[in-house]
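Here's a quick tour of a metal site and some ring contacts. Have the viewer open and follow along.

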Amino acid sequence: MQRYSRQREMIFEYLKNTTAHPTAETVYNDLKAQSPQLSLATVYRNLNLLVEMGKAVKLDTGENVDRFDANTDNHYHFVCTCCHKVSDIFDGILSVKSIEDIVGDGFSVEGHKLFIYGKCACCNKKS
Ligand code: ZN
Ligand code: MN
């Protein structure tokens, strides 16, 4: 039990210190050197636990792999269809009121997510 919480703390620290929106596999690959007893299953379970605890969010970008983000503030994501990098967008966040205006009378809004797809600045420079 003790070891599991220490590993979860290590995974949480890693996630807080990156804006790369890593997959469980990336987290595992980056941490296994400093924690040889770590397994991919443990990383995956702890990431999902952090999501359940409200300390992280899971992103389904539609690319068939879950990504994780320790920034739980409402923000949008840009998904590069070329290098698959996922970047944060903090500007232009729609208010609940403005979304309720879009969805129409009688509907109430609890939240919204937005993924924008295209090529990032780096990939555009290369082509
Ligand atoms: Zn790119
Ligand atoms: Mn993010």
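First, some housekeeping. This is a predicted model, where local features need pLDDT of at least 70, side-chain atom pairs count only at pLDDT 80 or more, and totals for chains, interfaces and linings use all residues. Residues are numbered from 1 along each chain as its sequence is written, and side-chain values use heavy atoms, with hydrogens and water left out.

Start with the manganese ion (ligand 2): His21 (NE2), Asp69 (OD), His75 (NE2), His77 (NE2) and Asp88 (OD) coordinate it at 2.0 to 2.2 Å. Donors here are N, O and S atoms within 2.8 Å of the metal (3.2 Å for Na, K and Ca); water is not among the atoms, so the site may look incomplete. Along the sequence, the donor spacing reads H-x47-D-x5-H-x1-H-x10-D.

Now the rings. Searching the whole structure turns up one aromatic pair. Tyr44 and Phe68 have ring centres 6.2 Å apart and planes at 85°, so they sit edge-to-face (centres within 6.5 Å make a pair; planes under 30 degrees apart are stacked, over 60 edge-to-face, the rest tilted).

Lys55 lies over the face of Phe12, 4.9 Å from the ring centre; that label needs NZ of Lys or CZ of Arg within 6 Å of the ring centre and within 35 degrees of the ring normal.

Finally, burial: buried means under 20% relative accessible area, exposed over 50%, and partly exposed in between (1.4 Å probe, protein chains only).

| Residue | Relative accessible area | Class |
|---|---|---|
| His75 | 6% | buried |
| Asp88 | 24% | partly exposed |
| Tyr44 | 34% | partly exposed |
| Phe68 | 0% | buried |

How values were computed:
Chains lettered and ligands numbered in written order. Phe/Tyr/Trp six-rings, centres within 6.5 Å; stacked < 30°, edge-to-face > 60°.
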